[in-house]
Amino acid sequence: MRILVIEDEAKQADYVKRGLSEAGYTVDVARDGIEGRYLATEGDYQLVVLDIMLPGVDGFGVLSALREKRNTPVLMLTARDLVEDRVRGLQSGADDYLVKPFAFSELLARIGALLRRGPAANAESTNSKLTISDLEMDLLSRKASRAGQRLELTAKEFALLALLARRKGQILSRTTLAEQVWDMNFDSDTNVVEVAIRRLRAKMDDPFRPKLLHNVRGMGYVLEERT
């Protein structure tokens, strides 16, 4: 799931991005209304977290432009807590409204609720379950199991496994995994990918047969059943 955060306060934007990334989402940030309007209307996002007080174009302008083209769920996140602002936001097409300061757990819960009932859930419902051999994944409920045994995965481990499962049979490089799962440019001195692969393999592959997660020397990793 890819989320767009449109927020001009750098600390707030970084806080939200870090928290959502740790929860397994891929997050892009726009620092003003003009960039946010462009990304929201032209990009491929399953949800938009939108501030009202933005330079260039305010949140209501971004929301209006988005609603002319798309039905992407929008959560308004703002310090403006007047009833009039909340009513205007909801009447303009926002799906939910959260006032700053907020508990991140509530933000995460509201995002989860919007994604479960939004168009992304409807569009992906038929593709939300992945099966490879005896590995089963439910992308909406974020659960995974092998041979009927629940796998206790962290958010990043689940995101890593989901990426490999969606592209089963394809060799994914460390650079691709780092960009897609950790939203970071790959640094050859960083072993975050190798550590995550090792931990994931210990949980979902080592105790089971057949082995599904394979190293491809000099190229990367692939998830597939080999005979």
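Reader: How do the residues lining the largest pocket divide into nonpolar, polar and charged?
Author: There are 10 nonpolar, 6 polar and 6 charged residues in that lining. Here Ala, Val, Leu, Ile, Met, Phe, Trp, Tyr, Cys and Pro count as nonpolar, Asp, Glu, Lys and Arg as charged, and the others, Gly among them, as polar. Bear in mind that this is a predicted model, where local features need pLDDT of at least 70, side-chain atom pairs count only at pLDDT 80 or more, and totals for chains, interfaces and linings use all residues. Residues are numbered from 1 along each chain as its sequence is written, and side-chain values use heavy atoms, with hydrogens and water left out.

Reader: How much space lies in the largest pocket?
Author: About 590 Å³. Of the 22 lining residues, Met1, Arg2, Thr26, Gln46 and Arg166 are the closest to its centre. A pocket is an open set of points on a 1 Å grid over the protein atoms alone where a 1.4 Å probe fits, with protein on both sides within 12 Å along at least five of seven lines, and lining residues have an atom within 4 Å of a point.

Reader: Which helix gives the largest share of that lining?
Author: H7, with 5 residues. Helix H7 (155–166) and helix H8 (174–182) each supply at least two. Helices are DSSP runs (H or I, at least four residues), numbered from the N terminus.

Reader: What's the volume of the second largest pocket?
Author: About 230 Å³. Among the residues lining the second largest pocket are Met1, Tyr25, Leu108 and Arg142. Its lining splits into 7 nonpolar, 2 polar and 2 charged.

Reader: New topic: at what angle do H1 and H5 pack?
Author: Helix H1 (residues 10–22) and helix H5 (residues 104–117) pack at about 60 degrees, with axes 11 Å apart. That makes H1 oblique to H5, as angles under 35 degrees count as roughly parallel, over 145 as roughly antiparallel, 65 to 115 as roughly perpendicular and the rest as oblique.

Reader: And which residues make the contact?
Author: Tyr15, Val16, Gly19 and Leu20 of H1 and Phe104, Leu107, Leu108 and Ile111 of H5. Contact means heavy atoms within 4.5 Å. By class that's 7 nonpolar, 1 polar and no charged residues.

Reader: What about H2 and H3, how far apart are their axes?
Author: The axes of H2 (residues 33–42) and H3 (residues 59–69) are 9 Å apart, at an angle of about 15 degrees. H2 and H3 are therefore roughly parallel to each other. Their contact divides into 4 nonpolar, 3 polar and 3 charged residues.

Methods
Points joined across faces, edges and corners; volume = space filled by probe spheres on them. Axes fitted to C-alpha atoms, helices over the stretch in contact; angles between N-to-C directions.
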